[in-house]
Every structure is written in structure tokens, then in C-alpha cells.
Amino acid sequence: MIKLHDSGAYLINGKELISEAEAGARGLAPKEEASKNTMAYGILKDHNTSEDMENLKIRFDMLTSHDITFVGIIQTARASGLEKFPMPYVLTNCHNSLCAVGGTINEDDHMFGLSAAKKYGGIYVPPHQAVIHQYAREMLSGAGRMILGSDSHTRYGALGTMAMGEGGPELVKQLLNQTYDIKRPGVVCIYMKGEPAPGVGPQDVALAIIGATFAKGYVNNKVMEFVGEGVSSLSADFRIGIDVMTTETTCLSSIWRTDDVIKEYYQIHGREGDFKELKPGDVAYYDGVVEVDLSTIRPMIAMPFHPSNVYEIEELNKNPDDVLKDCEERARVSLDGQVEYSLRDKVKDGALYVEQGIIAGCAGGGFENICAAAKILEGRDIGCDAFTLSVYPASVPVYMELVKNGSAAAIMEAGAIMKTAFCGPCFGAGDTPANGALSIRHSTRNFPNREGSKLQNGQIASVALMDARSIAATAANHGRLTPATELDMDFAIPKYFFDSRIYERRVFDSHGKADPSVEICLGPNIKDWPAMPALTDHLLLKVVSEIHDPVTTTDELIPSGETSSYRSNPLGLAEYTLSRKDPAYVGEAKKVQKAEIARENREEVENALPELADIWKVIENAFDGVIKENTGIGSTIFAVKPGDGSAREQAASCQKVLGGWANIANEYATKRYRSNLINWGMLPLTIEEGELPFHKGQYIFIPNVRILVEQGKTKIPAYVLDAGGAAGIELSMGALTDDEKRIILEGCLINYNRAKG
């Protein structure tokens, strides 16, 4: 089904794969030259502002953000001297859309966005019109373009657009005419052949790829390049559905070869001029190959609590007890044993039953997914017991066409509910299942609490990811888990017609014209970033949290869901940091921060944190020239592999707001989380795997840290302090660009830009 090559390979004329060993015998170009013939290389070269193709300085064509990221981004840019948006910047409102209970969950952030679009020259998409990525596909994509978004699922590769999801500070840099600086990424060939069986959908293909690649890190921080004759068997919507899920492999970006299918997509959307053919050169070298035989893929399910925890639905149905027992064991790691957790109670008379189905968002809310679900549900019903089904079209144009062609009626006649464009089911706002329930969703993620339950309150529900087709088949069987391939039916999809007037009548588009006279609307919950100190000569860190899960998601670093109402309030949001993983973290971090505030105010740090009296004695005895005035005091956390999941910067900025100066990890799950740490002035430290030489509650001293950063040292000598003295350890820090060094030295990106004047 999925084959990973052990080494790189050549692709000849877009069709034939040749191993490195065989390439020499055939006299092919050296791989250094042939690697320049990938589509990714060409697009990166076109957007690189430096002469160095190994160290890229990228300027993007467009930016996108939604309403729980754009306030912080624009506030950061304003504090750094923003005068106008230098490129098209689209502000969508698809996360904090409900405005349900007043107070902080209202339209203040939306009004901020509208006023910012007017003042700085941007585009504002009102709530419920479109989820961020659907609007970008319909209105912004273009073959050969690059788009940067403050959402991890910024993926438009199927349309020939290389898109990346990053933390907010990377968008700030673009708004301030700075660049996105990275080493040239590796490129992995995703070679597709065959065509999917009837009833198999894009989520099935995506989950199969994620399951094969994630744990091995096969495409981590690389570009996935989709080629092969199998691509031609897929519709545009099908390709988009696979592409958006590439985020869950931890790749950097994606790009697909384009053809007449994609040309027709642009024609349908009135943007034929944005199409051009993209394909690799005649001889292209790839750093790895994932072969995907589409014909062998069966309906898949990603069990809790990660998109890589995949099984064939037929396999699960044949042996539910063993599979569910394994999932329960994995869950105990994710949930730290905080609640009772069971899945095997979902099995009744040998069949697995679920309580909820959701088809939504940038992954599930596409036209073809919902049409297929409607065709399956036509003439059937979802029953009148516990099972429910909600369907969220990804945009009003998609919803309108579903109304016109009768799909919406078929869905509602079956007992399901049609809702508006909203990302809530993907991050824990709306449709929160009952305690202990199992929800099947065509959405992007199924991390713990991602569906909105609150582990800290003793409530836990589970999400399994599936394709819309099998969700509809399950709904037609009143919640009995059913692969769509069991149905003997015609899956033909009606033609799509796009009505651009919907956006013309509702979307505010400044056409790039800024109006400085406009006042920014600042609701009472929209706060400025607090002042953040520059890096000191030496650094004293207290380890205030220690996490040993194999992977720590950004949702566990800062919860999604109900905390969204505080995303525009840095101090308010920081109160929730690690609340689901380590509820004691905030209090412990604040204790250390009090000592740093006392130091900055030239007060006695021991009065703020008495335990420092003994620690300072150790420092004074072991290190010459170290004084409190030049030694910053902060907190740090250890996590094995933090940062999988969302791009949101708050996973890092909340730690900084609470006095965090560093993270220590065995490795970082994604480039974007490491970038977020750097942009908030935090050291992205690593330590070799094995038994830790320090533990929660201990102090780590890093002498001469400022000089080490200035000199770009990657080996960082440090010391674990206790009453017995100082024990040396070695930490590491990957290479930093010159700008990244200055950002850390200044204390954060805001300080860096202010220092530049």
C-alpha cells in the first residue's frame, strides 16, 4: 500500500524511479544538480531574495490569518512600526466565530480585524463566510505562488501553491519586509500510481500516508512533492483533501504537479490566469520516496489520540477488542492516568458503535466530500438514538451549491444538521461530545481534549479520524462503524459551480490601499504584549515542568477550545499554559518570575524566592565574575519532543510571558515550534536522549550564555546546581541565523525590531 525507500532516488520524465546506485551506471547527472529539477526547488528559487540557495531568505506572495492569531500578529507588528501591509494579507474569521456568551467571546476581535484591514490595506472575510484555507484555495492560490499562514494547515500544494503554516512572528517579519530564513529543505517524492476504489476518499489516502511516515520522521521538515500517473486519477477536491493533511506528517510544505484537472479548477473559480503547468524536470533527484498505490488503500481510521494511530476499518471491525485494548493502553500515556478511559465498551454484539459524526473544516468540508456523504445518506436516516451527525461546508459558495444541487436537503432529510463554515470541531469549540463518547470526524486532528472535553474536570471524549464517505456509511447504520466500500452504489459527484458574487457582496477588500486615518478598534480584552527583558550575560533556569510523553502537542502546551477567547490577551491566556498537562506549571513559573522582576528592580531576589539563597552560594563558590545584576532568572520546561500540531505562537509566547527563557528537548517536533521559541527570545535547547541529569525543581546555570549565542555556538556548557555544588552537563542548540541570534539577544522579535529603529 505504502512503500518508503531507504535512500534517495531519481525520477525520470515524471514516470520512472531510479535508485542512486543505478543512476551512476546510467550516467545521470549528480544528485546535487538533479535536485534542482524538482518543482519545489524552482518555486523556492523564484522567492529567494538571496543569491545563496542553501540558506534561503524567502518573501511570500500573500499572507493569511484567522481570528485567534491575527490580533497578536498585528499587535506585534504595530509595536514594531507597521505602517501598511506590504502584500495581500487576508484576515478570516473562522475560529472565534460563535461569539456565543458575551464577555471576551464576542466580536471585538473581528472588529479589530476589519479596522486593521482598512487602516493597513488588507482583506477581511466576515465570520461564517469561509474557513481560512477554503478561502485561500478559492481566491488566493496560484500555480508557482508561495503563501504563508498563521495556521499549521496552510497547505495549497494541490493547486500548485507552496504554502507553509508558521507561528505569528514569521508573518510579522513579512509585514515588516523581512524574510523567512531557512536552510534549503529536502524534497521527498510522493509517487502515486493506480486509482482509489469506489468508497475510498482523500482522508483514507492521507491517513495511510501519515501512518507510514510520521513515527519514522520520514518527511519531517521536508517538502512533499506529489507526482506519478496516479495523480491524474484524482479530482481537484480529492487532491486538496490529501494535501491539507500533509501537515500531520510534520513536513514543511507540499507541492503537486498540475494538469488539466487543476486548470479546470481555476476556470471554475474565474481565475484561469492563475494556472500554469508544474512538473519536475526530465531528471529530478529526491531525498526520499514514498510510493503510494492508490488502488490498494482501504477505508482508514485514525484512533485516539493522534492522526498516525491508523488502522483499516475492516481490520478494526474484524478484531475490535484487541485494537481497542491497544488504543486504551496508548491513551493512558496521553492522559497520564488522570481519568478512567475505555473504548471496548463501544463494542455491542461484536460491532463497534460511535455516538457522533462530524464532517467539517478545511479537510472535510469540501464540495465532493459532502456530496458523497449526501449520496450515501439519500433515502436513509441516522436514527433517533444517541448518534448525531453535523456537516459544516467549508465556505458559503460550497454551501450554496449543495443547496442548489439537493445535497443539503438529502443530508437534512436523513436527520443530520447542516451548519456554517466554522473550524470549531477541529480545535475544540462546538459539538463537544458527551463524557466517554467516541466521535468520528473528517477533520484534521484528534489529540486529547481537541474535541472540547476537559481532562482537568474529569471529562474525556475521544475522536477518531475518518473520511466523510465512511462517516456517512456509519451514520446510515445508526452509528455502527462501517467502511463506505461495503456499499454497492454509484459515487459519481455532480459538477461544481462557483458563485463569486457571494464574496463580492460580503468580503472587505482594500485592494492594497491603506487608510492611516482609520482608528483600530480595541476591545477591553485586547491587550498589548508585556515588556520582555533582553538576554543577560548569564542565565539561571529552574526546571518547572518535566514531560516524558513521546510527543507533546501544542494543544498540551497551551489548550485550544475555550481558551480562544483569551488569545488577544497575553496575560489572560498565559494562565492556561500547560493546564491540561501540568496544572502546577503556571504557579511554579510565576514564583521564579517574581525573582526575575525583583532582580530587574535591583531588589533582593532571595526575598522573592527564598530558595535562591542557597543556589547563589553555589554560584558564587563555583563561578567567578557572576553577579545578580548580569544573571537572568527564568523558568524552563523539559519535554521529549514538543511542538507537534498547531502553528500558534502562544505555545511559546505564554511561557515567555510567564518568565520562560528556554525549552529543553531531545528534539523539536516541528520547525515552526522551534521558530516560535526563537521569535519570543527563548533558547531552543536540546539534550541527548537518555536518563536526564536534572529533574523538575532543580536549577540549571548557563554561564556566558550571551556570548555563546553571539558566537553561534551549538554546544552549550551548563551546570545542574544543588546543595552539593555544580555538576556539568552539555546542552545543544541548532544553528541560528544572524537575525535569530539578535532576536534572542534582544529578548524577542518586538525588541529586535525596536532596536533596529
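Is Thr258 buried or exposed? Thr258 is buried, with a relative accessible area of 2%; buried means under 20%, exposed over 50% and partly exposed in between, using a 1.4 Å probe and protein chains only. This is a predicted model, in which local features need pLDDT of at least 70, side-chain atom pairs count only at pLDDT 80 or more, and totals for chains, interfaces and linings use all residues. Residues are numbered from 1 along each chain as its sequence is written, and side-chain values use heavy atoms, with hydrogens and water left out.

**Thr258 and its surroundings**

- Thr258 sits in the loop between β13 (253-256) and α10 (260-268). Helices (H or I, at least four residues) and strands (E, at least two) are DSSP runs, numbered from the N terminus.
- Beyond its neighbours within four places in sequence, Thr258 is in contact with Leu159, Gly160, Phe275, Lys276, Glu277 and Leu278. Contact means heavy atoms within 4.5 Å.
- The Thr258 side chain comes to 2.9 Å from the backbone oxygen of Lys276.
- A polar side-chain atom of Thr258 also lies 2.7 Å from the backbone nitrogen of Leu278.
- Polar contacts are pairs of N or O atoms within 3.5 Å; within protein, one must be able to donate a hydrogen and the other to accept it, and residues adjacent in sequence count only if both atoms are side-chain atoms.
- Ser646 is 388 residues from Thr258 along the chain, and their C-alpha atoms are separated by 28 Å.

**Nonpolar cores**

- The largest nonpolar core has 67 residues. Such a core is a set of buried Ala, Val, Leu, Ile, Met, Phe, Trp, Tyr and Cys residues joined through side-chain atoms within 4.5 Å.
- Helix α14 (residues 367-377) gives the most to this core, with 7 residues.
- Tyr135, Ile301, Met303, Leu377 and Leu389 have the most contacts inside the largest core.
- Setting aside neighbours within four places in sequence, Tyr135 touches Val90, Ile123, Val125, Ala130, Leu140, Tyr503 and Val507.
- Another core, of 55 residues, lies apart from the largest one; among its members are Phe70, Val71, Val223 and Val289.

**The barrel and its helices**

- Seven strands form a closed barrel in the order β26-β28-β30-β31-β34-β33-β32, with mixed pairing. Two strands pair if DSSP finds at least two bridges between them.
- From one strand to the next, the twist averages 40°. Angles run from 0 to 180 degrees between N-to-C directions, and axes are lines fitted to C-alpha atoms, for helices over the stretch in contact.
- Strands β33 (residues 715-722) and β34 (residues 725-733) run antiparallel and are joined by 8 bridges. Leu721 stands opposite Ala726 in β34.
- Helix α24 (residues 612-622) packs on the sheet and touches β26, β28, β32 (699-702), β33 and β34. The direction of α24 makes about 125° with that of β33.
- Helix α22 (residues 585-600) lies across β26 (538-547), β28 (631-639) and β30 (660-665). The angle of α22 to β28 is about 160°.

**Helix packing elsewhere**

- Helices α9 (residues 236-243) and α10 pack at an angle of about 100°, with axes 9 Å apart. The two are therefore roughly perpendicular. Roughly perpendicular covers 65 to 115 degrees; under 35 counts as roughly parallel, over 145 as roughly antiparallel and the rest as oblique.
- On the α9 side, Ala236, Arg239 and Ile240 meet Val261, Ile262 and Tyr265 in α10.
- Helix α3 (residues 39-47) has Met39, Ala40, Tyr41, Ile43, Leu44 and His47 as its buried residues. These pack against β4 (55-58), β8 (146-149), β9 (162-165), β11 (187-193), β12 (223-227) and β13.

**Backbone geometry**

- The peptide bond from Pro304 to Phe305 is cis, with omega near 5°. Phe305 is in the loop between β16 (300-302) and β17 (310-312).
- Asn449 is not a glycine, yet has a positive phi of about 70°. Asn449 lies in the loop between β23 (438-442) and β24 (462-465), and is buried at 3% relative accessible area.
- Leu578, also not a glycine, has a positive phi of about 55°. Leu578 lies in the loop between α21 (570-574) and α22, and counts as buried at 0% relative accessibility.

**Ser675**

- Ser675 belongs to helix α26 (residues 671-679) and is buried, with a relative accessible area of 3%.
- Apart from neighbours within four places in sequence, Ser675 is in contact with Glu166 and Glu170.
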